[in-house]
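Colleague: Please take one part of this model and go through it closely. Keep it brisk, and give the cut-offs as you go.

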Amino acid sequence: MRRRHCTIPGLNALKAAYRQGRVVAMPFLVNHLVEYGYLTLQEELSSLIDDSGNTETVTEAVYAISGKGRRLLDGWRLK
(Lines give C-alpha, C1' and ligand atoms only; values in the text may rest on other atoms or scores of the structure.)
Protein backbone atom coordinates (compact mmCIF):
# COMPACT_ATOMS: atom_id res chain seq x y z
CA MET A 1 0.00 0.00 0.00
CA ARG A 2 1.31 3.42 -0.94
CA ARG A 3 1.86 5.76 1.97
CA ARG A 4 0.15 9.16 1.83
CA HIS A 5 1.20 12.31 3.60
CA CYS A 6 -0.85 15.31 4.68
CA THR A 7 0.73 18.70 5.26
CA ILE A 8 -0.11 20.64 8.43
CA PRO A 9 -2.01 23.35 6.48
CA GLY A 10 -3.81 20.58 4.59
CA LEU A 11 -4.77 18.78 7.78
CA ASN A 12 -6.04 22.04 9.30
CA ALA A 13 -8.11 22.69 6.15
CA LEU A 14 -9.51 19.16 6.32
CA LYS A 15 -10.50 19.61 9.97
CA ALA A 16 -12.15 22.98 9.22
CA ALA A 17 -14.10 21.43 6.34
CA TYR A 18 -15.22 18.61 8.65
CA ARG A 19 -16.55 21.09 11.20
CA GLN A 20 -18.07 23.64 8.80
CA GLY A 21 -18.84 21.58 5.70
CA ARG A 22 -16.64 23.77 3.48
CA VAL A 23 -13.33 25.57 3.64
CA VAL A 24 -11.75 28.37 1.61
CA ALA A 25 -8.10 27.73 0.79
CA MET A 26 -5.30 28.42 -1.64
CA PRO A 27 -5.04 25.45 -4.02
CA PHE A 28 -1.31 24.90 -3.53
CA LEU A 29 -1.97 24.15 0.15
CA VAL A 30 -4.68 21.52 -0.36
CA ASN A 31 -4.28 20.08 -3.88
CA HIS A 32 -2.75 16.90 -2.44
CA LEU A 33 -5.98 16.33 -0.46
CA VAL A 34 -8.02 16.72 -3.65
CA GLU A 35 -5.72 14.22 -5.40
CA TYR A 36 -6.16 11.73 -2.52
CA GLY A 37 -9.94 12.21 -2.63
CA TYR A 38 -10.28 13.79 0.83
CA LEU A 39 -11.53 17.18 -0.44
CA THR A 40 -13.47 18.17 -3.55
CA LEU A 41 -13.23 21.49 -5.37
CA GLN A 42 -16.59 23.28 -5.21
CA GLU A 43 -15.97 26.76 -6.61
CA GLU A 44 -13.08 28.93 -7.77
CA LEU A 45 -13.24 32.31 -6.03
CA SER A 46 -10.33 34.24 -7.48
CA SER A 47 -7.66 33.81 -10.12
CA LEU A 48 -4.88 35.62 -11.92
CA ILE A 49 -4.41 35.79 -15.69
CA ASP A 50 -0.96 36.36 -17.16
CA ASP A 51 -0.21 39.38 -19.36
CA SER A 52 -0.77 37.42 -22.57
CA GLY A 53 -4.22 36.33 -21.35
CA ASN A 54 -3.45 32.67 -22.00
CA THR A 55 -2.78 31.24 -18.56
CA GLU A 56 -5.19 31.47 -15.63
CA THR A 57 -4.02 30.53 -12.13
CA VAL A 58 -6.58 29.92 -9.38
CA THR A 59 -5.51 31.71 -6.19
CA GLU A 60 -8.43 30.89 -3.89
CA ALA A 61 -11.20 28.30 -3.97
CA VAL A 62 -13.95 26.64 -1.89
CA TYR A 63 -13.48 22.97 -1.01
CA ALA A 64 -15.85 20.46 0.60
CA ILE A 65 -14.85 17.39 2.57
CA SER A 66 -15.63 14.04 0.94
CA GLY A 67 -16.82 10.87 2.63
CA LYS A 68 -13.28 9.53 2.37
CA GLY A 69 -11.98 12.65 4.16
CA ARG A 70 -14.56 12.23 6.94
CA ARG A 71 -13.56 8.58 7.41
CA LEU A 72 -9.88 9.59 7.59
CA LEU A 73 -10.49 12.11 10.38
CA ASP A 74 -12.86 9.74 12.19
CA GLY A 75 -10.16 7.05 12.12
CA TRP A 76 -7.53 9.45 13.44
CA ARG A 77 -9.98 10.99 15.95
CA LEU A 78 -9.06 14.48 14.72
CA LYS A 79 -12.46 16.09 14.26
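**Around helix H2**

Modeller: A search of the whole structure finds 1 aromatic pair (ring centres within 6.5 Å). The partners are Tyr36 and Tyr38. Their ring centres lie 5.9 Å apart and their planes meet at 70°, so the pair is edge-to-face (over 60 degrees; under 30 is stacked, the rest tilted).

This is a predicted model: local features need pLDDT of at least 70, side-chain atom pairs count only at pLDDT 80 or more, and totals for chains, interfaces and linings use all residues. Residues are numbered from 1 along each chain as its sequence is written, and side-chain values use heavy atoms, without hydrogens or water.

Now H2 itself, residues 27-36. Helices are DSSP runs of H or I with at least four residues; strands are E runs of at least two. Pro27, Val30, His32, Leu33 and Tyr36 are buried in H2. These buried residues pack against H1, strand E1 (22-25), strand E2 (39-49), strand E3 (56-65) and helix H3 (67-76).

Take H1 (residues 8-20) next: its axis comes within 8 Å of that of H2, and the two cross at roughly 70°. Axes are fitted to C-alpha atoms over the stretch in contact, and angles run from 0 to 180 degrees between N-to-C directions. H1 and H2 are therefore roughly perpendicular (65 to 115 degrees). H1 brings Pro9, Gly10, Ala13 and Leu14 to the contact (heavy atoms within 4.5 Å); H2 brings Leu29, Val30, His32 and Leu33. By class, 6 of these residues are nonpolar, 2 polar and none charged.

Leaving out residues up to four places away in sequence, Val30 touches Gly10, Ala13, Ala25, Leu39 and Tyr63. Val30 also belongs to the largest nonpolar core, which has 18 residues. Such a core joins buried Ala, Val, Leu, Ile, Met, Phe, Trp, Tyr and Cys residues through side-chain atoms within 4.5 Å. Leu14, Val30, Leu39, Tyr63 and Ile65 have the most contacts inside it. H1, E1, H2, E3 and H3 each give two or more residues to this core. H1 gives the most, with 6 residues.

Note on methods:
Angles under 35 degrees count as roughly parallel, over 145 as roughly antiparallel, 65 to 115 as roughly perpendicular and the rest as oblique. Ala, Val, Leu, Ile, Met, Phe, Trp, Tyr, Cys and Pro count as nonpolar, Asp, Glu, Lys and Arg as charged, and the others, Gly among them, as polar. Buried means under 20% relative accessible area, exposed over 50%, partly exposed in between (1.4 Å probe, protein chains only). Rings of Phe, Tyr and Trp (its six-membered ring) pair if their centres lie within 6.5 Å; planes under 30 degrees apart count as stacked, over 60 as edge-to-face and the rest as tilted.
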